[in-house]
Amino acid sequence: MDLGPHAPFILGAYGFTVLVILALVAHAILDRRAQERALARLAQEPPRGRR
Amino acid sequence: MVHTLCRTRLRYAVLRRSSALPRGTPARYTRVMAIGLLTRLAQPGHFMRWSGALLPWVAGLAVVLLAVGQYLTWFVVPPDYQQGETVRIMYIHVPAAWMAVFFYGAMAVSALGTLIWRHPLADVAQRAAAPIGAAFTLICLVTGSLWGKPMWGTYWVWDARLTSMLVLFLIYCGLLALWRTIEDPNRAARAVAILTLVGAINLPIIKFSVNWWSTLHQPASILRMGGPTIYASMLYPLLVMIAAASVLGIALHLQAMRTEILRRRVRTLTILEAERLDAALMAPQAA
């Protein structure tokens with residue numbers, strides 16, 4: 001497909017959008033994993049300091 | 001969800017037979033049932049269950065719609081007689097603009113939920129929506145700028161539509177900063193909710209800026225009296241892309257809300273753990 005003389009603008013716009021969407025998806029996945037790990041760690045920790 | 005509705009109906013039928021409910025019209029019972037169902041679905045525990053079941057389907061639908069929308073954008077949409085191939089930027093710019101405004105509208109509704117009903121899920125929904133809305137606003141600004149250079153001869157003009165979209169982006173950034181500034185979550189929720197409602201005045205300005213002022217940005221061409229001004233071969237792919245962006249946004253929002261609920265559980269458990277440790281340290285000193 002020939003995008004003509006404005007190809008850098010068109011591809012730049014799509015490239016930027018793909019980057020932002022991928023960053024949103026990656027953040028959603030990584031943030032969820034981090035919270036799940038933290039929750040699992042807190043659930044597994046023995047109740048320290050109890051007599 | 002159907003199961004919950006059935007259970008709610010059954011409960012009301014039992015209550016009705018045992019005269020535990022006051023007499024009233026069937027419409028009133030339907031209204032009470034609907035409110036009851038919504039209240040149940042909005043409880044964080046219930047939300048985690050139904051959103052967990054729904055999320056894979058919503059994400060899958062977003063991928064399918066994006067694939068179809070991109071196929072139509074690149075292989076079906078003809079070049080515009082004036083814009084040429086540059087018109088293809090509109091198939092991400094317009095959906096991004098719609099999502100930027102949609103998420104702010106959703107945040108304004110959530111802000112009312114926080115201030116009036118003090119519903120815990122309202123603040124969760126608002127906080128989860130802000131980064132997604134900001135990201136779509138940034139996409140809208142950058143893609144519009146990349147379209148403007150070849151079409152208008154400039155990346156940016158201080159035109160009412162462009163400026164009001166920039167203001168929307170700055171409001172999103174301000175809200176995200178405010179959440180980080182105030183440590184107490186309840187105080188942060190109220191402050192952010194008030195600021196969100198104040199910022200909502202920008203939404204009609206964005207929508208009607210092209211009518212109220214003389215702008216370089218074109219007037220509305222889809223949502224307007226008299227119907228869309230875009231030819232069908234260009235309009236339907238655009239609508240598919242708008243639907244794809246909407247479903248993708250909903251999937252990201254559901255996921256972000258689930259993560260936010262987990263984050264609050266982690267915070268509560270961490271505070272409880274710290275209080276236990278404090279008590280354990282203080283106990284020998286007291287003895």
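Helix α4 of chain B passes helix α5 of chain B in a left-handed crossing. The model is predicted. α4(B) covers residues 90-117 and α5(B) covers residues 120-152. Two numbers describe how such a pair packs: the angle between the axes and the distance between them. Here the axes come within 7 Å and cross at roughly 155°. Angles over 145 degrees count as roughly antiparallel, so α4(B) is roughly antiparallel to α5(B). The contact of these two helices has 20 nonpolar residues, nine polar ones and one charged.

What links the two helices? B:Arg118 is found in the loop between α4 and α5 of chain B. Its backbone stands out for a phi of about 50°, a positive value, although B:Arg118 is not a glycine. Is B:Arg118 buried or partly exposed? It has 13 C-beta neighbours inside 10 Å, and therefore counts as partly exposed. A buried residue would need 20 or more.

Now follow chain B to helix α6. α6(B) spans residues 160-181, 22 residues in total. From its first C-alpha to its last, α6(B) reaches 31 Å. That is close to the 32 Å expected at 1.5 Å a residue.

Which residues of α6(B) are buried? They are B:Ala160, B:Arg161, B:Leu162, B:Ser164, B:Met165, B:Leu168, B:Ile171, B:Tyr172 and B:Leu175. An α-helix has 3.6 residues a turn, so residues three or four places apart point the same way. Keep that in mind when reading the list. The cover over the buried residues of α6(B) includes α4 and α5 of chain B, the pair described above. It also includes α7 (185-199) and α8 (202-212) of chain B.

Step back to the whole of chain B. It has nine helices and zero strands. Of its 287 residues, 31% count as buried. Consider the contacts in chain B with a separation of 6 or more: residues 24 or more positions apart account for 76% of them.

Chain A has 51 residues, and 16% of them count as buried. It holds one helix and zero strands.

How many residues does each chain bring to the contact between A and B? Chain A gives 24 residues and chain B gives 32. On the side of chain A that touches chain B, 14 residues are nonpolar, six are polar and four are charged.

Conventions: Residues are numbered from 1 along each chain as its sequence is written. Chains are lettered from A and ligands numbered from 1 in the order in which they are written. This is a predicted model: local features need pLDDT of at least 70, side-chain atom pairs count only at pLDDT 80 or more; totals for chains, interfaces and linings use all residues. Two residues are in contact if their C-beta atoms, placed from the backbone, lie within 7 Å. Ala, Val, Leu, Ile, Met, Phe, Trp, Tyr, Cys and Pro count as nonpolar, Asp, Glu, Lys and Arg as charged, and the others, Gly among them, as polar. Helices (H or I, at least four residues) and strands (E, at least two) are DSSP runs, numbered from the N terminus. A residue is buried if 20 or more other C-beta atoms lie within 10 Å of its own, exposed if 12 or fewer, and partly exposed in between; C-beta atoms are placed from the backbone. Axes are lines fitted to C-alpha atoms, for helices over the stretch in contact, and angles run from 0 to 180 degrees between N-to-C directions. Angles under 35 degrees count as roughly parallel, over 145 as roughly antiparallel, 65 to 115 as roughly perpendicular and the rest as oblique. A crossing is left-handed if the near helix is turned anticlockwise from the far one by less than a right angle, and right-handed if clockwise. The expected span of a helix is 1.5 Å times one less than its number of residues.
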